[in-house]
Amino acid sequence: MNQSRILVVDDEPQIQRFLKPSLTAAGYEVVEAATGAEALKAVATRAPDLVILDLGLPDMDGKEVIASLRGWSDIPVIILSARDREAEKIAALDLGADDYVEKPFGIGELTARIRTALRHRGRSEAIPTAMTVDDLTIDPVRRLVSRGGEPVHLTPKEYDLLLLLARHAGRVVTHKTLLTTIWGPAHGDDLHYLRVFIGQLRQKIERDPTQPRIVRTEPGVGYRMTEPA
Amino acid sequence: MADDDRRDDRRPDPDALLALADKDRRGKLTVFLGAAPGVGKTYAMLSRARRLKADGVDIVVGLVETHGRGETAALLEGLELLPRRRVAHRGRMLEEFDLDAALARRPRIVIVDELAHSNPEDSRHPKRYQDIEELTAAGIDVWTALNIQHLESLADVVAQITGVTVRERVPDIVLKRADDVLLVDLSPSELIERLKEGKVYLPESASRAADRFFRLGNLTALRDLALRRTADRVDDQMVDYLRQNAIDGPWATSERLIVCVGPDALSEKVVRVASRLASALNAPWMVVSVEQADREIGTAERLQTIEALFRLAEQLGAETRHIIGNDFVGEILKLARREHATQIVVGVRRRSRLARLFTRSLAEALSRRAGGLGIHLVTADRGAKRRLAPAWPALPVAAVLSSVLTALGFVTATTLLGQLIGLFVDLPNISILFLLAVLGASVIGGYLAAFVAAIFSTLAYNFFFIDPLHTFTIAAPHEVFALFVFLAVAVVAGGFASRIREQAEVARVRATALQTLYDFSRKLAGTAKTEDAVWLAVSQLQASLKRKVALLTARDGELALAAAWPPDTDLELTDLTAARWAFDKKEAAGHGTGTLPNSRFEFRPLLGPHGIVGVCGIEQAAERLDLNAERSLSAILDQTAIALDRARLAEETTEQAARLEGERYREALLSSISHDLRTPLSTITGAVTGLRELGDRMTAENRDDLLQSIEEESGRMSRFVANLLDMTRIEAGTLKPKRDWVDVADVVQSAVDRTRKYAPGRAIETGIAAGLPLIRGDSVLLSQVLFNLLDNAVKYGGDEPINVYARRDGKDVLISVTDLGRGIPADDLDRIFEKFYRRGKPDGRAPGTGLGLSIARGFVEAMGGRIHAESPALKKRGTRIVMRFPASGEDKDSIR
């Protein structure tokens, strides 16, 4: 098996201390870095497949690391962040981080995120064939959506929204990304559009719109579509 | 243009609408107006009240005098009566209207009889109409009753008609502002009939006066006055209505009166006449007095007369104004034009034929230059005493004497000089020398000296220099002429010179006053704090008024004495109540005002640009403040108000900044705490989940390491939580250390053992002096302190050994913990004991919690000890924390 190499960037020795044996046991090769500069160097020289990045680093801001990384690499980045650093986390996602895990986290949660991120790596963002989540089927070629065999009628915006989420299935998509992609760059802050359209979409595609299982809310960050089983 | 004006007039008059809006917030005043006692005002009032009560209106009786009349008393049945205030007055118990009870009860309508009543001395207001004003201001409707003879503007007319001087008077403005005036009318013959039947109550003592009063003629005249007044009001209301509704109407062209008064007896009559004229014309009116610009403001008596006139005029509804200028007529006309006055009212004094020949009266001068203005002349009553204020203020003897001596000195000197010069040269115009003497005397001694010098000079010139010499006779006729010319020139020149001197003096006084004020405002501008500003203000006020001064400012809604001069000035309850009143109503209160005049102080509100900032109390003496003092008082108060306002704003800004600072601090603290809790929690969660999910794929060594990290992190977290709890206990003041005998050596050993357990491999050396005395304290707390200090030494001390020493120093026991790490810069030595202070990155990257030393200090101080830090400790490195506890005086051996 082609072992994936993961770069863990964190300055807390305690975090490194439990991440390394756990990730190794999960079948990954672990490379460690304690500062932003080390991390950038490691990405360039060690060619990892994925980066786990703590946002609070002693030498530079985690956001800076992502920004300079994205200048030359599309390597998946998963952020380790804290609940009280919400703004930083969203900024990092908007800068191009792929996903995030909130501290404290379980190893299972982290490895799931790693798997999703690695799967998407190197694949084009388009869905070549139909995908099915729960009892919902999306066919981007024919632009058809059906639930349990019954066609679902979506407005063009609702369809665009669904498709965008589907392309990133399993990963979080921030409010800003959704708004600027679907409504345009001028609407980056019009959160109420999203609330309304997501609400309508859930009415049409969810079994129980009050307990959504397909399009899930990431409070304060964005939305995440459940990955096809 | 005329068309424009008419269109303008058709719009509702904004002032009229505003007046209406203001009225909406106030309670309504209804006056039951009667011509004389006994016409049935109270009866009418109560009958109406019963009807409203039956309709469910909340109406109560605040005070009604039934005077034992059965039919009136019967009407009170079923109406709610407010309790009365019992007041001891000259040995008798009086029952008075209880204003506070009415305000507390807050009915929709309250009935308070006898508007003209005077309250006993200790009441809040001296007059009942002031009580009623407070009630309406509080939004309560009031019904009251008034006899026409009590109206201020009619006082002289009533006295003329009936021969009875009415003492209890109500200002016309009260009736004018009433929302409703209901005339209670009864024909005079019926009234006399009722009087004979004993249905009109009159105090026995007044029965004789009453006989004179209740004559058919008097009553008819009074009824006429009452009817006219009511009719005038109806007329006014009609005009108001037309204006508010923008109806073109035949309302009177807007007349405006200017009334000139001076400090003479006639002026009071002028004011009363003008008031009647103004109310007949429905015109606003302004009473003015003109002060000469270059004269020192007149005598106190003069000013008091004018002040009294102004108060009367204000009560009658006039505006008042002092104007200053040299040209009386010009100033009055200027004001008239500025105020768009249409008529001027002046009094005409009777003057002697001679005076009429040579000078023009004010009235004549006005009429020559008035150009289109109407002029009303008010003449003095025949036989009225000419009580004019003396043109020359009575001169004190000392001043006269000094003037005469000055004149004498100058004239003598001049005579001697003339004689001396005469010895050498023949001077033809010796009189020029004497002119010099007169001018000299006038410059030094003023007008009187000039005058005396002129007389003396004439005599001396005649005696010593005009032939025949040494007699007062004159030989040559042209010399006689020359002498008279000299006298005239001397008097005029002396007059001018002394006038110039006076003006210079006035200018000097004004300049001094201005300078004082300027200095004050400059000093005030330099103060940023409220307390500095108030002290400056009171000392300035005391210096310029020579009265006791107290300044009160509001803090959190409570008015409190901020400064007083002299500083031990005490305020009594009455004073404080007056101050509170002045603050709440933004009006002057206390001595000399209509509210709580029993207070020793007059309180004036300090109104700054952003509302009221406080009140200033000025102790009132027998003499009122003169105009100059009044002017500087209001200037100082204005300045103070602005300064206090500014200081308040500045303080609010500072508080705001402090709050922001506090918020930032709390934020940093929160993020620090959350970081300190999160890192161990993340480690534990990660390690546990890793073990559970992937443990079977790990090496035994890795598994063991994860378990160990869980143990360590749990320990770290529990220490942090314990620290937080300790800190909370210190902060909350619930820390109660025991006062046991503590053996320092024991405690040191236990703390060192504990540290070694969590930091094995660190060298810790201890040195405890033999025979160390016990200290009083709490061994658990002391052990925690030592552990915290050791913990710090482990973290910051590099890999060098840590030293713990304990020894005796005089009466104290010293315990020190020394590391050999990087040490602490001198600037930070004190700050390290602050809560959440950490040397290192502020985002909490340093390994500590920032609580250890702060807790150490809290514990040590709670045990009565002291703690401080020294750095460098040894060889330019390291830190030493030293604790010092008082020794108990007993060592453990003596106890054993």
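I call two rings of Phe, Tyr or Trp (its six-membered ring) a pair if their centres lie within 6.5 Å; planes under 30 degrees apart are stacked, over 60 edge-to-face, and the rest tilted. By this rule there are 11 aromatic pairs over all chains. One of them is A:W183 with A:F197, edge-to-face at 5.1 Å centre to centre with 70° between the planes. A:W183 is in the loop between α7 (175-182) and α8 (191-205) of chain A, and A:F197 is in helix α8, 14 residues apart. Both A:W183 and A:F197 are buried, meaning under 20% relative accessible area with a 1.4 Å probe and protein chains only.

A word on the basis: this is a predicted model, where local features need pLDDT of at least 70, side-chain atom pairs count only at pLDDT 80 or more, and totals for chains, interfaces and linings use all residues. Residues are numbered from 1 along each chain as its sequence is written, chains are lettered from A in the order in which they are written, and side-chain values use heavy atoms, with hydrogens and water left out.

Now chain B. B:Y461 and B:F465 both lie in helix α18, four residues apart, about one turn of the helix. Ring pairs link B:F434, B:Y461, B:F465 and B:F486 into a cluster.

What does α18(B) do at B:G445? It bends by about 150° there, taken as the angle between axes fitted to the seven residues ending at a residue and the seven starting there.

Conventions: Helix = DSSP H or I, 4+ residues; strand = E, 2+ residues; numbered from the N terminus. Buried < 20%, exposed > 50% of the residue type's maximum accessible area, 1.4 Å probe, protein only.
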